Amino acid sequence: MMTEIVDTVTQGAQGTGSVSAATLTPELRPPSFYPAVLAVKPPVELLPNELLSQIFGFLDSPKPSSSETALHDEPNFELTKSDNAPLKAASCVSKRWRRETIPLLFKHTQFVVEKKNQQHYNTLYQMVQQFLEFVLEHQLCRIPQSFTLIVRLKEDADILDRQEKTYGFSVFWKGIFRVIDPQELLIVAPPEALGMLTNCRVFMSDAWSFHCPCHYLRLQARLSKVPQVHKSFDKISETARNPDFQASSSTPAEEKHKELTLWDIRPWTMLHLNEGSFIRAYATYEFWSRKPPSILPDLVGAAEDDGSTHGPFISPTIRDLSYVGMFPMQTHFAALTRNCPRLNRLYVQLVPRNEILQDSSKMKQVEAEDLWMERNSCYALLMRELFNTPPIGNYKYLQEFESGDAADKDAWDMAVEYVKRAANGWKVASEGVFVRDTKEKMPVPASGEEGELFTLSVNSEM
């Protein structure tokens, strides 16, 4: 039985004796009929690649970690997650769309280290190798503007330990930055893992009392004017590919300190460190004596308990430092105030912006007054150094100070009044921001005279 296909538009012509291809049976249609239909493409597929790429550019959006509050809240491993991913959806439509969206998809790259994907690799560098080879294969070396490394789990004898015991992390960082040259590096990792990645020692004896799953470390550098030469992999990388390779036992342990570290790999100019919440430690006995797991002491070169000192690990090119910690103990915060690096700008936030203070599970057996007293003590240490007349140490180079806690209006108003009365070369630029007025001559106190000690008010209802 034959099925007749009728075109209603041409039915009127049938009475006049004319015959259209649409009214013919499939066997009687011209050979060119079907190819003509199949050759028709959707209008968007007729666009040249340049226009298609420009259209996809409108689907691009800022990365989740770039929001105003993302890096200032309590750290979590879901920082880079987003439910809005139109570019990823578009890349699944066709090979052509995938090819055109890849440069946008890899503008902000991330690499996640999890327990489930560790077993097939001997070192962390071998694990990241596949990503680097993908970048080289698709000629994406100049595309990534930011690189995020997420270490979800730190266990004994994990891949970070194996990396440190074999090559150290010099090979890892050099391997990455030989292939890509992002202006921003973000590490989301437990404190111990963050210490290994940055060559900083982390005190772990009291870590159980802080209950902080991860910290944030973001490093930023200015756009390089000199084009980078992207090579495949050097001899070190080739050695790192070999799973049977073992580090030479003749290499002294102290040689690791001479290797190129994360701090030396780029001329970083901005640093952001978020150490999360210290609140749970306040529920323990003598909380003020607890030592948090942190890279901060090594970062700024704070003295050890025995009085020994070492140089700061922080890059000497960094001129903008942001520190976020939710109610740190003043004994810990003192590492920063007493060893402040040479900076142009310092940002400090010591009070959470979320609802953690209303969370009964987080505040269990915690006295709110203790939190605010430690907050005030931290600011007292900082203000004494910041507004000292004349400024001493690296504070004399500081041009701008911003407090992320200006929402506490009473405390902020007190700070403003103190600065106005002190007449020590600082002025209020905007809410939460002090800038140094270099044109104003600062008074020098008499020998042995100390300035007034400024403390913030206790506000347990904030």
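A cavity, on a 1 Å grid over the protein atoms alone, is a set of points where a 1.4 Å probe fits but cannot get out, and its lining residues have an atom within 4 Å of a point. This is a predicted model, in which local features need pLDDT of at least 70, side-chain atom pairs count only at pLDDT 80 or more, and totals for chains, interfaces and linings use all residues. Residues are numbered from 1 along each chain as its sequence is written, and side-chain values use heavy atoms, with hydrogens and water left out.

**The sheet**
- Let's start with the open sheet, where 10 strands (DSSP runs of E, at least two residues) follow the order E1-E2-E3-E4-E5-E6-E7-E8-E10-E9 with mixed pairing, a pair needing at least two DSSP bridges.
- Strand E1 (108-113) and strand E9 (426-430) each have a single partner strand, so one side of each lacks a neighbour in the sheet.

**Strand E5 and its partners**
- Seven of the eight residues of E5 (residues 270-277) are buried, meaning under 20% relative accessible area with a 1.4 Å probe and protein chains only.
- E5 pairs with E4 (residues 215-220) in the antiparallel sense over five bridges, and Gln-220 has Met-270 as its bridge partner in E5.
- With E6 (residues 320-326), E5 pairs in the parallel sense over six bridges; here Met-270 stands opposite Asp-320 and Leu-273 opposite Tyr-323.

**The second largest cavity**
- Its volume, the space filled by probe spheres set on the points, is about 50 Å³.
- Phe-210, Cys-212, His-215, Glu-275, Ser-277, Phe-278, Pro-292, Pro-293 and Ser-294 line this cavity.

Terms used: 1 Å grid on protein atoms, 1.4 Å probe; cavity = no way out; pocket = protein on both sides within 12 Å on 5 of 7 lines; lining within 4 Å. Buried < 20%, exposed > 50% of the residue type's maximum accessible area, 1.4 Å probe, protein only. Helix = DSSP H or I, 4+ residues; strand = E, 2+ residues; numbered from the N terminus.
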